[in-house]
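Here is my note on the model, as numbered points. Please keep the sequence and the structure open while you read.

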There are 2 protein chains.
Amino acid sequence: MSEAIIYLDPDSPLNLQSQIRQKLAEAILNESFPRGRRLPSSRKLADQLKVARNTVVLAYQQLIDEGYLISRERSGLYVNEALFEGRVTHTEEDAAAAGRRSDWHRKLRGRVTLDRDFNCPPNWQQYPYPFIDGQFDQSLYPVKEWRDASRMALGVREINEWAGETGDRDDPQLIEQIRTRILPRRGIQARPEEILITVGAQQALHLVVELLADSSTSVALEEPGYPDMRRLLAQRGVPLVYQPVDERGMQVDERLDACQLYYVTPSHQTPTAVTMSMDRREALLSKAAERDALIIEDDFEFESNYLQSPHPALRSIDQDDRVIYVSCLSKVLSPGLRLGFMVAAPEVIREARKLRRLIVRHPPLNNQRTAAYFLSLGHYDSFLMHMHKTFEERWIALRRALNYYMLFYVEMAPAQGGTALWVRGPEDLDVRYVAREAAKRGLLIEPVDHYYATRNAPRNCFRMGITSIPHERIRDGVLQLRDLFHDLTQNKTETFASAKGAHLRGEVLDKAVRGTTMICTIAYGDPCTIEICPDGTLIGIAGNAGEDRDEGRWWIENNRWHRQWSRWAWGEAGVYDVRLDGDIIKLFDEEGWLIDRAVLRRNPEADSIAACDPA
Amino acid sequence: MSEAIIYLDPDSPLNLQSQIRQKLAEAILNESFPRGRRLPSSRKLADQLKVARNTVVLAYQQLIDEGYLISRERSGLYVNEALFEGRVTHTEEDAAAAGRRSDWHRKLRGRVTLDRDFNCPPNWQQYPYPFIDGQFDQSLYPVKEWRDASRMALGVREINEWAGETGDRDDPQLIEQIRTRILPRRGIQARPEEILITVGAQQALHLVVELLADSSTSVALEEPGYPDMRRLLAQRGVPLVYQPVDERGMQVDERLDACQLYYVTPSHQTPTAVTMSMDRREALLSKAAERDALIIEDDFEFESNYLQSPHPALRSIDQDDRVIYVSCLSKVLSPGLRLGFMVAAPEVIREARKLRRLIVRHPPLNNQRTAAYFLSLGHYDSFLMHMHKTFEERWIALRRALNYYMLFYVEMAPAQGGTALWVRGPEDLDVRYVAREAAKRGLLIEPVDHYYATRNAPRNCFRMGITSIPHERIRDGVLQLRDLFHDLTQNKTETFASAKGAHLRGEVLDKAVRGTTMICTIAYGDPCTIEICPDGTLIGIAGNAGEDRDEGRWWIENNRWHRQWSRWAWGEAGVYDVRLDGDIIKLFDEEGWLIDRAVLRRNPEADSIAACDPA
C-alpha cells in the first residue's frame, strides 16, 4: 500500500474529521502535497488512515467548501489553484543577505535596561514546593465559568458589537461592571468617564507615567518597591526619590517635599506585603495636599486582609481628586488575559484615552465583553471569595509552619494578608546561595535584591509566596527548608547535645513546668504566652491583641515533655527533651533540634487556678 | 519688555525648535494664548527666549504646516480657529468640580494632540450607502470558525499554557503560524526570534518609534499619510519631513537624505491606495542603503491587487535587514481583537520585547492561542480568499459605477486594489460640504484633509471605501452620489438642453456613427476605444494594455442611439440622445444628463471590416 499523504496524531485535541481537514489544509498550503496531483479517493485515504470512510468524505467536503479543493467531474479532487494566486514567490538570495546587516546597536534610541531580575524557572510547576508569588494556579482557574462567559460573548449580535473599529472606546458593559461591582468593594465611587480599561495594570502605570512625569518632575517610590515601575520612570528620564518602607508602609516625611508624584502600593506593599496603616494613609494625603502633589495608588492585588477588615483605598478617602487608582482583573481572570483598569479624574482619563489610542487603540474588546459577562453573572465575586479563602488558608499555614519549624532562623514582616511573606533570615545568610540550594531540593523561594533600587538590599531576606502551592504541601515544604537551614548552619545552631542548661527529667521536669507560663515571641514578631496549668491543660494566647488562642494538654512520658494543641502545630502531639538554663526553657525535638525557647515564669497560685478555670 | 508667551525648559530632552513648537501648541490648545490675538513676531519671541531667530521661524512654520497657526497677509500669524471646531465644550458641572480639583491641566506633561480627525458616525450601519473604509462588515466575520478555535483554546491543558504569568513571551504556536502561513504570502522568511506579537499594528508602530526615533532623528512620512503615525512621532518630538506621494507611491528624492527613518505603506498607500511600483521600491531601498537609513514598512492591509499579481514586500527584497515590517491579523479576525505583529532583525525584536514588557507585558495570550488555532485549521487562508474575492467584486463594481455615472465629475487615483478609492472631484468642490449633504441622503464618504500634515490638502478629494457596503448597494449608492453632484452643480454641467452641437436623429444619426470609433478616457484614467461596427456590433477595449475588453450591440430606435454590452454597464441597454459638436460626440441619458463624451473617428473601410470580423 502506498504512503499516506498525512498522518494522524493520536494525542491531538481535534476530532478525526477536523484533524484530517487541518492536516490536509496544511499539506496543501505548504505544497507538500503537489499542486497538480489528484487527491486519493476517500476510500483509499480512509483505509490508509484507518478511519471510517465517511470521516474522510466529510473532511473533503469541508475543504471543497472552503476553497482548498475543487472537484473535476469524472476525474476527482484537486488542489484549487486559486489558492496560490496573490502569493509572492521567493527568491533564493535571501539567506545570503544575513551577513550585511544594519548596525542596530548604534541606532536604538530607546533601549530598556532590565538590570537584575528574578527569573522564576519556567518549569516551576514541576517543583514540589513552589513558594513563589503571582504565578498562576490552574486548579483555581474558573474554567467552566470563563467558557460560559466566552460563549456568550461569541453570540452573533455580541460579535457585531465588539469586533468592529470602535476608535478609542471601551466596552460600556465592562465599565459598568467595574463601576458597580468591583470599585464599591474598595469604597470607590466613580462615574463611567473616570474609568479606563488597560492592557493589564502595567499599561495603566505606563499611561500615567507618560502623562504626568518627565525629566522635570520628581517621583517618590517605595524602597524596596516594584521594579517595573522604577524602570518605566527611569526609561523616561524621571528623577527618582527612594522612600523607605516600614511596618506601616511607605514613610511620609520631608523627603516627599521635593516630589510632584508619589507611587505607592498601600494594600500589600510590593514586595514586603505590609499594609499601609490608616494614619500613614492620612499623612500621605495631607502631604500631597500640602505640596500639591499627585498619588498613584497601585492596588494591583487589592487588600486581602486575613487578620482584620481591609482598609479603604486611598482614592476612596481622597477629598480633592489627587489619587489615580490602578488595579486589574488578573488575579481572578489570569494574568495571561491582561485586563487592568484605572480610575482617575475625567481630565486624566480623557488624556490617557487619547494616548492609549496612539499606543494600542484599546484592550481587545472580545476579552472586555467576556469579562463583563463573567462579572455580571456573579462569577467574579464568587471566585474572589473562593480565592480569598484558599489563599487565607495557605497564608496562615505558611505563617504557622515557619513559626513552628523555623522560629530560630527567621523573622517575618508584620503583614496582615496578601499572597507572600517577607522573611528575614540569620544575619550571615546569603539568600542567592540558599535559593539555589533550595531549588536543588525542590523548593522555590524568591531573593529580594531586584526589588531594591539602591544598594541597600539585605542579603538575608527572601519572599515566600502562596499563590501556586497547594495547602497540603506547605508544611512539608517548610520542613524541607528547615532541614536545609540546619544543614547550612551545621555547628552554629543550638542542639540538644551542645546547648547549655540542665537536662530535666521525670519528677524534676514535672515540678519545673507545672503551674508556670512560657513567654516567647513567635516568628512573625507577635508575643505568645503558654500557661502550663497544674491540671494538665494548656492555654495559649498569641498576637498583639491576644487574638489567636488555643487550648491543649501536656504530660510527661519517658522523661520527655509532651504537648498537644487542639489547632496549633496541626493538633499533633509534640515530644520534647527539655533543658533549663536559668529561667530560659529550651525544647528540643527527637532529632535534637531546638524547637522552642521561652522565659519560664511561675504563676501566682490563685491566678494560675483562675486562669486554668474552664471559662 | 513684555512677558514671553512661553518659557523654555533647559532640561528638556527636546531641541529648542521642538520645544518652542510643543509649548506653543500647548498654549494654543489650552487657550492660555487667547484665540483672537496675533502672535509675537519671530524676532520678538526670539529675543524674549534668547534663541536664534531662525529657530522661532522654523517652529512657526511647523505650526502653520500642522494647522495650529494661520498667516494673514500683511497682518501676521494667528491661532487657527478651525482647530476648535468640533470640540466638546464643558458642562457646568465639570467647571464646578474643577474648583475642588487638582489642577490637572498644568500637571499633564505628555498631552496628545489629536487635531483634525475624521469621525465615522457610530451608527454608520444604519446608513444605506456606507462608502467608508476599514469598518467591520459583520457578514464577513467567520463566526463559526472563530468559535471553534476559541473552544479549542479553552481546553484545560490549553488554559494552563496561556493563563499564567509568562513574562514577555508570546505564544510559540502563533509565532509558528505567522512564520509559516502568513509571511510566505508576502515573500518574507523569518525565524521565530525575528517576530513579535503586538496589540494591533498600532503597537508595533509605537514600539518602533520609541526604539528608533527621538528629537535627534528626522523621519520621512508620506504626505498625505497615516495621521496616527504622524501623531506618534510628533508626541515624541521627532522632526518630520513630509514626502509627496505620486502614482508610484512615496517619492524618493534628495529630501530623504536628511532622514534616518522612512515610514511607508507600499502595498496600498494610506490614504490614496496607490501601490508602490517595483522601481520605486528599489529606489527606496537603495536610498536607505546609501544614507544608512531604516525603513518602517506598514503592511497593515497587505496587498490585494485585483489587476496584477502582488508586489513582494519591501522586507522580502531588502538585502541588508533595514526594513521593519509591521502588519496585523485584524483584517480577517476583526480590529476589535487587536492582534498585530512585527518582523525585524533579532536585535530590534529583542529590544522591542523588553519595551513591550514595561508597557503591556504582552498581548493577551488567550487571543494569541485562539488565533493560532484559527490559522492552523486553515480558516485564515480560506477567509482571506473569501474576503479577497468579496472586496474585489465590490471594488470593481465601485470603479465601474463611478466610471459610468460620474465620468464628468471625478477622476480616480491609479490604484490596483485595496479597500478604498481616492477620488478627485471638480476643482471647486468643497468635500466637507458634500460629505455632509451626502450623509443627509444616506451616503457616507470620507473627506481627506486629516491625512495631510501640511495645508496642502485638496478640498475636492475624497475617499470611498468598500469594506462595509454590500455589493448590491454599490451601483445604487453611486447613482445617489451622482444625483447629489447634479443638484450641487445645477446650471454648471452640460445637459442635453444646454449643450453645444447638432442633435442627431434617424438616418443622420446612423450615418454619423456607423463605421466609426469613439475614443475616450475613463474615470480611472485609462484610455478606452469603442468600435461601432457597420454590422451592428460593438467592440470595446479599455485599459493601458487593452486588458479590459467587451462586446455588444448597437441600434437606433425612436431617434435615439441604443447600446448594450455583454458585461460593461451591467449588460443593460443604454438609451441616448446624441449631439455632435465638431468631432466630439456627446451622449445624454433620458433625463438629459451627459453620460459620455468622445472623439469620433471614422474607420478606414478595410480596417473596420477586419476589426469587426468575429475573431
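Which domains does the domain assignment of chain A give? Chain A is assigned domain 1 (16–84), domain 2 (143–381), domain 3 (385–487) and domain 4 (502–612). Such bounds come from an automatic or database domain assignment.

1. Ground rules. This is a predicted model, where local features need pLDDT of at least 70, side-chain atom pairs count only at pLDDT 80 or more, and totals for chains, interfaces and linings use all residues. Residues are numbered from 1 along each chain as its sequence is written, chains are lettered from A and ligands numbered from 1 in the order in which they are written, and side-chain values use heavy atoms, with hydrogens and water left out.

2. Domains 2 and 3 of chain A. Their C-alpha centres lie 28 Å apart. Domain 2 of chain A brings 24 residues to the contact, and domain 3 of chain A brings 23 residues. Contact here means heavy atoms within 4.5 Å. The two domains bury about 2000 Å² between them, with 60% of it on carbon and sulfur atoms. Buried area is the accessible area (1.4 Å probe) that two parts lose on being put together, summed over both.

3. A salt bridge is a side-chain nitrogen of Lys or Arg within 4 Å of a carboxyl oxygen of Asp or Glu. There are 11 residue pairs in polar contact between the two domains (both at pLDDT 80 or more). A polar contact is a pair of N or O atoms within 3.5 Å; within protein, one must be able to donate a hydrogen and the other to accept it, and residues adjacent in sequence count only if both atoms are side-chain atoms.

4. Chain A against chain B. Here 103 residues of chain A are in contact with 105 residues of chain B. The chains bury about 9500 Å² between them, 54% of it on carbon and sulfur atoms. Four salt bridges are counted between chain A and chain B. In one salt bridge, the side chains of A:Arg357 and B:Asp228 meet at 3.2 Å, N to O. Helix H14 (residues 346–359) of chain A gives the most to the side of chain A that touches chain B, with 10 residues. Helices (H or I, at least four residues) and strands (E, at least two) are DSSP runs, numbered from the N terminus.

5. The sheet in chain A. Eight strands form an open sheet with mixed pairing, in the order E4-E11-E10-E9-E8-E5-E6-E7. Strand E4 (195–198) and strand E7 (249–250) of chain A stand at the edges, each with a single partner strand, so one side of each has no neighbour in the sheet. Two strands pair if DSSP finds at least two bridges between them. Strands E9 (residues 294–298) and E10 (residues 323–328) of chain A pair in the parallel sense over four bridges. A:Ile295 stands opposite A:Val323 in E10(A).

6. A hairpin in chain B. Strand E24 (residues 584–588) of chain B runs antiparallel to E25(B), joined by five bridges. B:Ile585 has B:Ala598 as its bridge partner in E25(B). E24(B) and E25(B) form a hairpin with five residues between them, and B:Gly592 in the turn has a positive phi of about 95°.
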